[in-house]
Amino acid sequence: MKKRTINHSLNRHCGLDPQSPKQERLVSVLRRWRMLLRHDGKRTVFIIAILGMSLICAPLFAQQMESEYDGKPDKKKNATYFSNGLQSKYREDTEGAIRNFEQALRFMPDDAASMYELSEQYSNAGRIEEAFNMIQKAAKIEPENKWYQMRLGLFYRNLEQYNDFIKLYEKLTQKYPEDPDMLSELIDAYLVTENYSKALEKMDLLEQQVGENEFITEQRLQVFKRQGNTKKVVSELEKLIEQNPDNIRYYGLLASFYAENGKIKEAIKTYEKIEEINPEHPYINVSLLELYDMTGDKDKAFDELLAAIRNKNLDITTKANTYDYWMNKNQGASNIDEQARQCGEAFVETHPDNKLGYLILGSCYFIEENAVKSKELYQKVLAIDSTDFFGWQNLIVSESRLNENEAVRDHAVAALKYYPMQPVFYWYAGVANAVMENNVDAISYLEKGRRYTSDKMQMSEFDAFLGDIYHQQGDEDKAFDAYDRTLRNNPDNALVLNNYAYYLSLRGERLEEALEMAIRANELVPDNVYYTDTYAWVLYKLGRYKEAEKIMKKCLGLEKNPSGANLEHYGDILLKLGKESEAMEYWKKAQQAGGASKELDQKLKH
């Protein structure tokens, strides 16, 4: 009956009809707010009661209060604006909350609660200086209010005013010794200001309150490390180990500390203890590998590498990184190839469904030019991952070493489905087709491949090969154009210089250029039979027979059994010098050696 009377009087005061369905929600709001009347303090009870009423009634008299301000304190109006401010705060209406809390302060300038709320809202609006000033005032008015003091401390900390923060929290921790969070905040402040003795003192106090705690011990460790107090660090870690004998993390911390401070033997012993407790710990072998390596014990270090690869608890990414570390660090060692093979076998044994082991083993056999084995292993790589670039590339190279031209062509074309812009696969497709005398397809792949490379040397290789194919087809214009492109990108391509010079000499064109090319080819590759022959032949075509004779004689001296072509050329030069009998002698030798031109028989009848 009493509740009904209160409801009824409130509803009448606010102009509500208690029987109206439209007012039921508002009435229920009032009921919920009355549940909060249990909060301690008469002022709080009053404010919350007013807040409940203002949820319904505030719009009816807010403007009236605004106009009624006469500069005199008014607790009732203060409470109304305060409750309106709370409503705006809960709606996340920062500007509305600021206006209402400011109005609340107008009617009661020493209202610490409004100052506290305003500080929060000013902070939300980015008005930090005003927020700081406001909480300072609130904390000064009500110095016993824990929450006001804590918010002031938050400002001190965020503004890096640590001396003020420490001064404040020293008082708070004395007043609220049962609050470990406050003590933790104070410890952090002492750590930031590097007042380690005070930090350690407060840690001891905190430990008395909450008991022995791993977090506190680890904080002490950080302090001792910063102080360079090695003995204390070891002591604290041994204490942790004693408290937690099965927790290998603390053994790891102790081992790492030993290693960092150059106590490698102690570190190794500690890691060996971890291995004793948990032989399949994921990172134990990696840690021991590094330590044995530091001592120069390469054999033990490598044993740990193999153990790490075989450790089923260690992730394969870490294994791969550790393998790379070892290979790079020991590059050039006499036994590195054998170690790579053992690692590859360990990967295959432990991870048969992962391509890494097959790639490593494939690389071992590839370097040894064991094309049969490398081909087999790269096929396994591609069976696991058909997109692996090196799998395709090295499979194709292995097949080319075995002269399996059809396989080279087919696999190069297959690789282009995954890598349509990789020139290397166009190259092998073109070369394989050329070897199989499919010149049309060869030209197609080579012309496409050269368009996908920006590397001048690589492009010159494409053009050089294209030049040779066009020459075979009798399309000299395209061949010479390709050779010109080659030499623009690589002017010291000796093979192209030689071939281009020879082909020009056969046609009797651009002979001075051909001579320059022949000279440069011989400078790049001296004492080469073919290049020397070209040089002599270009001189012959230029009519410089004496010089040609000298160079050709040198050419014949480079071979134990000169070719028929070179013997024939020497005879031709001798004829031009009027040495007919000597020319006839060398033509006969050419006929016996074989490989001379079709015109040789006619020359012998002369």
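Leaving aside its neighbours within four places in sequence, with which residues is Tyr122 in contact? The contacts of Tyr122, where contact means heavy atoms within 4.5 Å, are with Ile98, Glu102, Arg127, Ile128, Glu130, Ala131 and Met134. This is a predicted model, in which local features need pLDDT of at least 70 and side-chain atom pairs count only at pLDDT 80 or more, while totals for chains, interfaces and linings use all residues. Residues are numbered from 1 along each chain as its sequence is written, and side-chain values use heavy atoms, with hydrogens and water left out.

The chain has 34 helices and 0 strands, where helices (H or I, at least four residues) and strands (E, at least two) are DSSP runs numbered from the N terminus. Of its 606 residues, 46% are buried; buried means under 20% relative accessible area, exposed means over 50%, and partly exposed lies in between, with a 1.4 Å probe and protein chains only. Among the contacts in the chain with a separation of 6 or more, 46% are accounted for by residues 24 or more positions apart.

Tyr122 itself is found in helix α6, which covers residues 112–124, and it counts as buried because its relative accessibility is 5%.

Helix pairs come next. Two packed helices are described by the angle between their axes and the distance between the axes; here the axes are lines fitted to C-alpha atoms, for helices over the stretch in contact, and angles run from 0 to 180 degrees between N-to-C directions. The axes of α16 (residues 284–295) and α17 (residues 298–310) come within 8 Å and cross at roughly 165°, and the two helices are therefore roughly antiparallel to each other, a term for angles over 145 degrees. Their crossing is left-handed, meaning that the near helix is turned anticlockwise from the far one by less than a right angle. On the α16 side, the residues that meet α17 include Leu288, Leu289 and Tyr292, and their counterparts in α17 include Ala301, Leu305 and Ala308. By class, this contact of α16 with α17 divides into 8 nonpolar, 1 polar and 4 charged residues, with Ala, Val, Leu, Ile, Met, Phe, Trp, Tyr, Cys and Pro counted as nonpolar, Asp, Glu, Lys and Arg as charged, and the others, Gly among them, as polar.

Further along, the axes of α23 (residues 405–418) and α24 (residues 423–435) come within 8 Å and cross at roughly 150°, which makes α23 roughly antiparallel to α24. This crossing is left-handed, and the contact involves residues including Val408, Ala412 and Leu416 of α23 and Phe425, Ala429 and Ala432 of α24. The residues of the contact of α23 with α24 are 11 nonpolar, 2 polar and 1 charged.

The buried residues of α21 are Ala371, Ser374, Lys375, Leu377, Tyr378, Val381 and Leu382, and what covers them includes α20 (356–367) and α22 (389–401).

Most residues other than glycine have a negative phi.

How values were computed. Parallel < 35°, antiparallel > 145°, perpendicular 65-115°, else oblique.
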